[in-house]
Amino acid sequence: MISGKIRTGVPGLDKMLHGGLVPGRPYILSGPPGAGKTILAMQFLREGLEGGERSLFVALEEPPNELKINMRSFRWNLDDLDVLDANSDIRRFEPTPILEISTEEEPAKMRSIGERIRKTPDFESKEVTVHSLQQLLKNLLVKKHYERVVIDSMTALRYFCMREFEEAVTTQSFMRYLAESKVTSLLTLELPEEGEVPPEAFLARGEIRLHKLRDESGIKRFISVEKYKGSSHDEFVYPFDITNAGLTVHTTGKPAGGT
Amino acid sequence: MPSEKKVQFYSDGLRLAGVLFLPEDPGPHPGVVLCHGFTGIKEFILPEYACRFAAAGYAALTFDYRGFGESEGPRWRLIPWEQVTDIRQSSQVRALEVTVHSVQKMIKQEFFGHLERTKQRYKRIVIDSMTALKMFSMQGQDSRILIQSFLRFLSELEATSLIVSEHLDRRTLETEFFLSRGEIRLHKWLDGSMIRRAVSIEKFRGSPFDDRMRPVSITSKGMIVQLEAVAQSQAGSPGVQPRESLLEARIIDEVSNLIEAIMRGIDEAHRLQIPVRDIEVSLSRAMLHFQRRHYQKALKVALACDSELKQRIGTVPPPPPVTVPPRPPEVMR
């Protein structure tokens, strides 16, 4: 086993990972909409912040103002978290200048994010492409030495920031870039309710998967470690809860449905 | 005979009335906008021309400027520049073709027109439905980006919007489902000869919620959710389908890997000239179960095959041959 793992900050998950994550590598956090990916990712960053690590959240699905409000109920101190708003503006249909997200753009500290949504300016509209985002991250990582980065989500990056014909190659190169950048990154990935796992899962060094199942008694949530290169890990699927303390994995009971 | 259709469009928040004359063939057609003169209205002189245009293969639009005829706007007022705006806005009527762009433009004009007229913002917006908008108005490559942009547009209006959408294929990931801040799902299934309805909340960012599926009835007062009751979903109902989950996919993987391993073992046995005819028969039984989706049975038979085969080939079978993949209780039938 590789020593010097870093903790995810999710009670129970570190035990499943036999100590935590091997630092400096990209990991996939997958699950269907509403499974709890963003909350888990935020818990991962908070754990970093508490240990004095510089942490960055790249928001591609949710405007940062809403993220801030949504995380308030957990009472986590996220003031020093850097949040990069990578949500594209409303697209223009008229031929007005499109501004590719500037590679000089700075992330905002969570404490300084306002209550209201950023409005698309009248005469220019910001568009995030995977290339500009990658360049921006490159600059930021040099300047700020982040230790933990969350990309929320890879699905949004693939859907909204790439041309369809370049998806496979570009995704691969983006993940490769993250691997080379030596930062521990957690990339969220939306899973369809049925069917195949998107290809990003194969490219990462590990995959933590959230499962959401519905029966008469409500939604049941489970978590499993699907893959973890360079480390042993727990093979079972365990139930977890989301409370106002975030995610808690119950590894003490028997694994879900295990026989 | 060209057909005539009443249409309307918005200019600076005012609803303008028009008539669209369309040729008989399905199109697409080039368009002509016919404008009336001072003191005129769209019913005066213009229809004659419009009919001729339509007969010649053009989509022809006549309309009333703001303040005239059937259109809204202050009467007794004529500002040429405003009429130019009206003419420009008439391009919203693209032979009744609705695009995301035109819908967005209409919402925007109505939203800000309403704000200007009443000093109040619309607080609630319903899009009924996203499925129709996607199917008819944004075919082609960029539909995901168009949906993202449209949802961003709704977010920036800062109204609470409800987007009606049908999840047609569970295997695909629809943009609006993961970009939305929450999902309320309506279920409907046949229970004997009764139609049952239920509602569940699947996702709600930033808030805890009741995660049970609750029965719903549609009455003369609208929809009523029975909070005390829990929907008894029947097999095959939409509420049950999610159980065919990724966890079940794990069992499928497990069984198919096992079957492949056994087949390799059988080849090996043939090479060593060990008789394995009976194992081949059991394996085909396992494959039959697998095909019929009786994964539990398939796994059981395959496991037996595997240990028997290993014994014969002479490798020591490990005490519990293969770990049974964990699964939630639901999958057990």
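## Where chains A and B meet

In this predicted model, a salt bridge joins the side chains of E194(A) and R171(B), with 3.5 Å from N to O. On the side of chain A that touches chain B, at least two residues each come from α3 (64–71), α5 (154–160), β9 (206–215) and β10 (218–228) of chain A. Among these, β10(A) supplies the largest share, 7 residues. Sorted by type, the residues on that side of chain A comprise 16 nonpolar, 15 polar and 25 charged.

Here are the counts between the two chains:

| Item between chain A and chain B | Value |
|---|---|
| Salt bridges | 11 salt bridges |
| Polar contacts, both residues at pLDDT 80 or more | 22 residue pairs |

How many residues take part on each side? In chain A, 56 residues are in contact with 54 residues of chain B. Interface size is often expressed as the accessible area lost when the parts come together. For chain A and chain B, the area buried between them is about 5,400 Å², with 52% of it on carbon and sulfur atoms.

Now a look at chain B itself. Chain B contains 9 helices and 10 strands, and of its 333 residues, 43% are buried. Among contacts in chain B with a separation of 6 or more, 56% link residues 24 or more positions apart. As for its surface, chain B exposes about 19,200 Å², and 56% of that comes from carbon and sulfur atoms.

Technical notes. Residues are numbered from 1 along each chain as its sequence is written. Chains are lettered from A and ligands numbered from 1 in the order in which they are written. This is a predicted model: local features need pLDDT of at least 70, side-chain atom pairs count only at pLDDT 80 or more; totals for chains, interfaces and linings use all residues. Side-chain values use heavy atoms; hydrogens and water are left out. Contact means heavy atoms within 4.5 Å. Buried area is the accessible area (1.4 Å probe) that two parts lose on being put together, summed over both. A salt bridge is a side-chain nitrogen of Lys or Arg within 4 Å of a carboxyl oxygen of Asp or Glu. A polar contact is a pair of N or O atoms within 3.5 Å; within protein, one must be able to donate a hydrogen and the other to accept it, and residues adjacent in sequence count only if both atoms are side-chain atoms. Helices (H or I, at least four residues) and strands (E, at least two) are DSSP runs, numbered from the N terminus. Ala, Val, Leu, Ile, Met, Phe, Trp, Tyr, Cys and Pro count as nonpolar, Asp, Glu, Lys and Arg as charged, and the others, Gly among them, as polar. Buried means under 20% relative accessible area, exposed over 50%, partly exposed in between (1.4 Å probe, protein chains only). Accessible areas come from the Shrake-Rupley method with a 1.4 Å probe; for residues, only the protein chains shown count as cover.
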